[in-house]
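Subject: Structure handover

Hello,

Here is the structure I promised to pass on. Please open it first, then read my notes below.

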Amino acid sequence: MNKRTVFITGGASGIGFGIAEAMAKQGHHVIIADINEQAAQEAAAKLAQFDGSASAIAVDVCDAEQVAMLPEALGVLSVDVLINNAGIQHVAKLEDFPPQKWQQLINIMLVGPALLTQAFLPAMRAQNFGRIINVGSIHSVVASPYKSAYVAAKHGLLGFSKTVALETGDCDVTINTLCPAYVKTPLVEQQIAAQAKENNLTEEDVVNKIMLEPMPKKQFISVEELADTAAFLMSNSARNITGQTMILDGGWTAR
Ligand code: NAD
């Protein structure tokens with residue numbers, strides 16, 4: 001496989017870091033982009049031991065000006081693969097949901113991917129190669145209570161991707177969305193505690209009765225599964241897969 005420059009938002013933690021690690025092991029150059037600059041630098045330093053190379057850049061994906069400056073800030077590095085992964089969660093009934101929080105979730109997980117795609121697409125088009133991989137969620141295709149902003153942002157991402165897929169039919173650029181059910185990351189660890197409080201359950205019950213219950217396979221999705229799917233989407237064999245929703249859900253949506 002060709003060595004690529006892979007830009008991963010939210011790459012300092014969880015799924016983003018796991019995909020970054022897998023990409024570095026495959027010899028790609030990985031740019032860890034995260035709002036948490038120190039964590040991004042530490043993450044890039046951890047990847048130095050593998051075949052590829054890694055660098056870090058601080059970015060708030062909601063900051064349109066910062067994002068527009070990224071291609072210039074990266075200098076000679078041209079981004080071949082953009083992984084829109086940064087995300088947060090907030091769990092509350094709509095009546096109790098702080099409006100600013102609702103807006104923030106939409107900004108990070110829907111507006112952010114659009115801004116990043118806008119920033120890197122011209123160079124991808126010019127070099128006639130690009131892969132945009134969004135990290136959506138099982139909540140891109142189904143809903144759960146108390147997650148109105150998250151579900152709205154993740155559903156929106158699919159519409160955004162389909163539109164960009166139509167707009168990039170003229171070149172070897174694809175855009176697809178990975179939609180995993182639960183993956184054990186810091187974001188989910190926090191949610192287990194929050195859901196326990198909201199539903200008046202123990203944390204063990206949240207895992208078994210809420211998170212894993214809808215999945216026939218009853219297991220968390222691993223970061224490796226997501227990294228391998230992303231690697232396939234980067235390959236030449238996936239050049240005609242675009243505007244698609246890749247669901248890794250242990251059978252959740254087969255019901
Ligand atoms: P995480 O909390 O471990 O990591 C999220 C990263 O995003 C952090 O490093 C954080 O600093 C960064 N980030 C947050 N706001 C940012 C901003 N404005 N700009 C730049 N970076 C920002 O979370 P995770 O579980 O690894 O989630 C990653 C993605 O996967 C999210 O989009 C999430 O919705 C999605 N996802 C997670 C799960 C799961 O079960 N963990 C399931 C489905 C989808």
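H7 has 14 residues, and its first and last C-alpha atoms are 20 Å apart. That is close to the 20 Å expected at 1.5 Å a residue; the expected span is 1.5 Å times one less than the number of residues. Helices (H or I, at least four residues) and strands (E, at least two) are DSSP runs, numbered from the N terminus.

A word on the source. This is a predicted model, where local features need pLDDT of at least 70, side-chain atom pairs count only at pLDDT 80 or more, and totals for chains, interfaces and linings use all residues. Residues are numbered from 1 along each chain as its sequence is written, and side-chain values use heavy atoms, with hydrogens and water left out.

**More on H7**

Five residues of H7 are listed as buried: Val-188, Gln-191, Ile-192, Gln-195 and Ala-196. Buried means under 20% relative accessible area, exposed means over 50%, and partly exposed lies in between (1.4 Å probe, protein chains only). The face turned away from the buried side carries the exposed residues Gln-190 and Lys-197. H8 is included in what covers the buried residues of H7; contact here means heavy atoms within 4.5 Å. After H7 comes Asn-200, with a positive phi near 55 degrees.

**Salt bridges**

Side chains of opposite charge can pair when their charged atoms come close. A salt bridge here is a side-chain nitrogen of Lys or Arg within 4 Å of a carboxyl oxygen of Asp or Glu. The count comes to 5 salt bridges.

- Lys-93 pairs with Glu-198, with the closest N and O atoms 3.6 Å apart. Lys-93 is in the loop between strand E4 (81-84) and helix H5 (99-127), while Glu-198 is in H7 (residues 186-199), 105 residues apart. Lys-93 is partly exposed at 33% relative accessible area. Glu-198 is also partly exposed, at 28%.
- Arg-125 meets Asp-170 at 2.8 Å, N to O. Arg-125 lies in H5 and Asp-170 in the loop between helix H6 (148-167) and strand E6 (173-180), so the pair ties together parts that are 45 residues apart in sequence. Arg-125 is partly exposed at 32%, whereas Asp-170 is exposed at 59%.
- Lys-209 pairs with Asp-205, with the closest N and O atoms 3.6 Å apart. Both lie in helix H8 (residues 203-211), 4 residues apart, about one turn of the helix. Lys-209 is exposed at 52%, and Asp-205 is partly exposed at 23%.

**Rings**

There are 2 aromatic pairs. Rings of Phe, Tyr and Trp (its six-membered ring) pair if their centres lie within 6.5 Å; planes under 30 degrees apart count as stacked, over 60 as edge-to-face and the rest as tilted. One of the pairs is Phe-7 with Phe-120: their centres are 4.9 Å apart and their planes at 55 degrees, so the pair is tilted. Phe-7 lies in strand E1 (residues 5-9) and Phe-120 in H5, so parts 113 residues apart in sequence are tied together. Both Phe-7 and Phe-120 are buried.

Charges also sit over rings, meaning NZ of Lys or CZ of Arg within 6 Å of the ring centre and within 35 degrees of the ring normal. Arg-4 lies over the face of Phe-129, 3.6 Å from the ring centre. Lys-46 has its charged end over the ring of Phe-17, 5.2 Å from the centre.

Best wishes
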